[in-house]
Every structure is written in structure tokens, then in C-alpha cells.
Amino acid sequence: MDVTLTKVHGSENDFFILDQTKLAHRLSEAELKQATQQVTDRETGLAGGADGVLYVDDSSHPQVTGKMRVINADGSEASMCGNGIRTVARYLSEQKQQTNFKIETMYADLNVKQAQDLAPEVKTFQAEISPVSFKATDIGMHVADLAELHQTKIPALSKQLAFTAVAVPNPHLISFVDHTTLLGPELGRIAGYLNDGQNPYFPDGVNVSFVEVLGQNHIFVRTFERGVGFTNACGTGMSAASLVYALEQGGDFDQSITVRNPGGMVKTLVHQTAAQSYWMELIGNATFVGAATLSLADLLAGNFEHVTFKVSGEQPAYQAFVAGLK
Ligand SMILES: N[C@@H](CCC[C@H](N)C(=O)O)C(=O)O
């Protein structure tokens with residue numbers, strides 16, 4: 001039996017979409033992990049590898065169009081993926097002929113919709129990012145018995161940098177930095193340590209983002225992701241960074257925030273619904289790079305010698321969009 005994996009990206013945070021509803025039988029939990037580790041490997045994987053695999057399935061929830069599960073490159077499961085959900089939104093939109101619908105994720109059924117293209121021929125979708133929590137118990141954080149972490153130094157990590165931790169609902173640690181620090185080695189050092197599985201602060205790991213303020217409602221976010229490492233962009237990280245920017249650094253609620261990243265640019269909106277109750281909107285490209293077809297046996301064996309890869313032709317428009325960013 002043949003399987004098709006669609007290679008996609010949001011801000012060059014790249015994934016394969018595998019639609020379980022098209023298979024004769026659903027992959028087991030062990031197969032999901034095995035297939036993900038094999039296709040994502042940057043050296044030996046499929047079509048240059050990827051940051052993870054987005055598994056699409058039917059949802060049993062009423063009024064929900066489909067379900068997304070996110071498996072990181074290392075085989076761990078993430079509760080959400082902001083760049084990924086836009087590409088799954090586009091995939092389901094084309095499959096089901098809908099433009100405004102809900103997708104089931106681990107903790108919430110999230111609203112998604114087609115948005116105005118960010119640039120010519122750059123298909124764009126927007127997604128609700130929620131639920132938000134600052135509670136240490138929701139973040140998996142153990143820092144000096146603190147119930148929450150806001151703009152606080154953790155001397156074991158850095159004597160200079162202050163951090164805020166938030167779950168959206170996957171866990172994020174955010175620090176506002178200058179340009180030199182944004183591009184320097186500190187992010188890799190700190191995030192590498194916090195994702196080593198041994199440290200006492202985030203035993204299950206955490207996505208770590210450094211943020212530079214470029215102007216009013218204009219930020220740059222660089223992220224080291226749990227379960228992956230450095231990625232070109234992290235959608236939930238950019239949403240979390242936008243929220244912390246609005247709360248701590250003078251960013252505006254309910255107004256478009258431009259978020260640059262190493263792979264391009266997205267827009268976010270941060271909303272407050274009640275005291276300490278927030279949600280965000282993430283708007284960005286949902287680009288299909290191409291489609292790989294191979295046998296299920298080869299997928300599970302990690303044998304990519306007999307793959308047919310059909311290029312979509314969308315990537316030049318995306319690259320022109322990035323080249324035009326100021
Ligand atoms: N790249 C994603 C986040 C993927 C999950 C993350 N690695 C985690 O383990 O929480 C995004 O765009 O949000």
C-alpha cells in the first residue's frame with residue numbers, strides 16, 4: 001500500500017503531513033514515532049528531512065473538521081504547533097472545501113480560517129492559539145517553587161537575562177534581548193541545557209525564544225525548540241513572545257504585531273478576554289513544497305530509495321516574499 005506525505009512549511013518551519021484517514025489502517029503509537037524519526041532526519045530522511053510530522057485524522061468532536069497530532073523530530077509529542085496547524089488548516093480546507101472551521105488538538109478545538117495572502121501566490125491561513133497559562137504546573141516548570149515566572153532571572157541559566165514562562169499550551173520560555181545576544185551562542189547554550197532531560201528546572205524540556213524589539217508592534221523571534229533544536233520559526237513561540245511583548249514591553253493588544261523570524265514573517269494579534277485570560281491569533285503562510293509517495297513498508301523501514309516526489313512549484317513565490325521583506 002502506498003502512502004503520501006505532503007512536505008509543507010510555515011515560515012520554513014517544515015513538516016510532513018500524513019493523513020491517517022487515507023491509510024488502510026491507522027499507524028500504531030510505535031509506528032508514528034518510528035516513521036517520524038525516519039522521515040525527519042536531516043541527513044538520511046525523506047526529501048531533506050523536517051522538524052516534525054503532523055498526523056491528520058478524523059475528529060469525533062461535534063462541529064470539528066479534523067484532528068492534528070504533532071510529533072517532533074525526536075519522536076516526542078507536542079500539544080500544539082502554530083506553524084503546523086496553518087498547513088493542516090490548508091490541507092483540510094482543500095480536502096473538505098471549507099474556509100473557516102475548527103481543528104482538534106491535544107487540549108483544545110481551535111478555530112482556523114483562510115486569510116488574505118501575505119504576498120502574491122503565498123497561501124495564508126490564521127489560527128487561534130490557546131489556551132494560555134502562566135502556571136508552573138501547566139508549564140512543567142520547577143524554579144525555586146515559584147507558581148509563575150515573570151521577567152525573572154534564573155542565575156543557574158544566566159546572570160544577565162530575565163525570563164518569562166508561559167504555556168500556549170506547549171511550554172515556552174521567553175527572554176527579551178539585544179541584537180548581539182539574539183544571534184549569539186547563549187540561546188543554544190541555555191536551551192540545550194534545559195532540553196537535556198537531566199536539568200531540574202524543566203525536566204520535560206521547554207521551547208526557548210529570544211526576542212528583539214525592532215519597533216512598535218514589530219519583533220524578531222529566534223527559537224530553540226524542544227524535541228527538535230533550532231528551527232527557522234516556531235509559531236507557538238512567536239505567539240507566546242507576542243503575548244509577553246504586549247504584557248511587559250509595551251506591545252498593543254488587539255493590533256497586528258509583525259513578527260520576523262529566520263524563515264520569514266508572520267502577523268499575530270494578542271487578545272485579553274478577562275483578567276489574566278488571553279488568546280492569540282497567528283497569521284502566516286501555509287506553503288506546500290511537494291508530495292512524496294512511497295510504500296508503507298518503505299516508510300516504516302526508513303527506505304527512501306523508491307520515493308516519487310512531486311514538487312508543487314509554490315516555493316519560488318514564498319522565497320520572493322521573504323526577499324521582499326524589509
Ligand atoms: N514548531 C512548532 C512547535 C512544535 C512543538 C514544540 N517543538 C514542542 O515540543 O512544544 C510551532 O510552530 O508552534
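Reply: The account below begins with the ligand shell and then turns to the domains, individual residues, backbone features and strands.

The structure is a predicted model. The shell around the ligand holds 18 residues, and those that come nearest are Ala78, Asn83, Asn170, Gly235 and Thr236. Two or more shell residues are supplied by each of strand β4 (66-72), helix α2 (82-96) and helix α6 (235-248). Among the contributing elements, α2 gives the most, with 3 residues. Sorted by class, the shell consists of 11 polar, 5 nonpolar and 2 charged residues.

The position of the ligand follows from the division of the chain. The protein chain is split into domain 1 (2-129 + 286-323) and domain 2 (136-282). Residues from both domain 1 and domain 2 take part in the shell, and therefore the ligand lies between the two. Taken over C-alpha atoms, the centres of domain 1 and domain 2 are 24 Å apart.

The two domains also touch each other directly: 22 residues of domain 1 are in contact with 21 residues of domain 2. On the side of domain 1 that touches domain 2, the elements giving two or more residues are α2 and β8 (122-129). Strand β8 gives the most to that side, with 4 residues. By class, the residues on this side of domain 1 are 8 nonpolar, 10 polar and 4 charged.

An unreviewed UniProt entry places the feature "binding site" at Asn13, Asn72, Gly82, Asn83, Asn170, Asn207, Glu225, Arg226, Gly235 and Thr236. Asn83, Asn170, Gly235 and Thr236, which the record includes in that feature, are also among the residues that come nearest to the ligand.

Asparagine 83 is located in helix α2. Asparagine 83 counts as buried because 33 C-beta neighbours lie inside 10 Å. Apart from neighbours within four places in sequence, asparagine 83 is in contact with Gly10, Ser11, Asn13, Ala233, Gly235 and Gly284. Of these contacts, Asn13 and Gly235 also carry the "binding site" feature in the UniProt entry.

Arginine 226 occupies the loop between β13 (218-225) and β14 (229-230). Arginine 226 is likewise buried, since 25 other C-beta atoms lie within 10 Å. With neighbours within four places in sequence left aside, its contacts are Asn195, Gly205, Val206 and Asn207.

Most peptide bonds are trans, and most residues other than glycine have a negative phi. In this model, the peptide bond from serine 130 to proline 131 is cis, with omega near 0 degrees. Proline 131 belongs to the loop between β8 and α3 (136-139); strand β8 is the element that gives the most to the side of domain 1 that touches domain 2. A cis peptide bond also joins valine 168 and proline 169, where omega is about 0 degrees. Proline 169 is placed in the loop between β10 (162-167) and β11 (171-176).

Positive phi values occur at residues other than glycine. Glutamine 63, in the loop between β3 (52-57) and β4, has a phi near 65 degrees. Glutamine 63 counts as exposed because it has 8 C-beta neighbours inside 10 Å. Asparagine 217, in the loop between β12 (207-215) and β13, has a positive phi of about 55 degrees. Asparagine 217, by contrast, is buried, as 20 other C-beta atoms lie within 10 Å.

Strand β4 pairs in the parallel sense with β6 (residues 100-104) over 2 bridges. Within this pairing, glycine 66 has isoleucine 103 of β6 as its bridge partner. Strand β6 in turn runs antiparallel to β7 (residues 109-119), to which 5 bridges join it. Here lysine 102 has asparagine 111 of β7 as its bridge partner. Strands β6 and β7 form a hairpin, with 4 residues between them.

Technical notes: Residues numbered from 1 in each chain as written. Predicted model: local features only at pLDDT ≥ 70, side-chain atom pairs only at ≥ 80, totals over all residues. Near = placed C-beta within 6 Å. Nonpolar A, V, L, I, M, F, W, Y, C, P; charged D, E, K, R; others polar. Domains from an automatic or database assignment. Contact = placed C-beta atoms within 7 Å. UniProt positions renumbered as here; feature names shortened; annotations may be inferred. Buried ≥ 20, exposed ≤ 12 C-beta atoms within 10 Å, placed from the backbone. Pairing = 2+ DSSP bridges.
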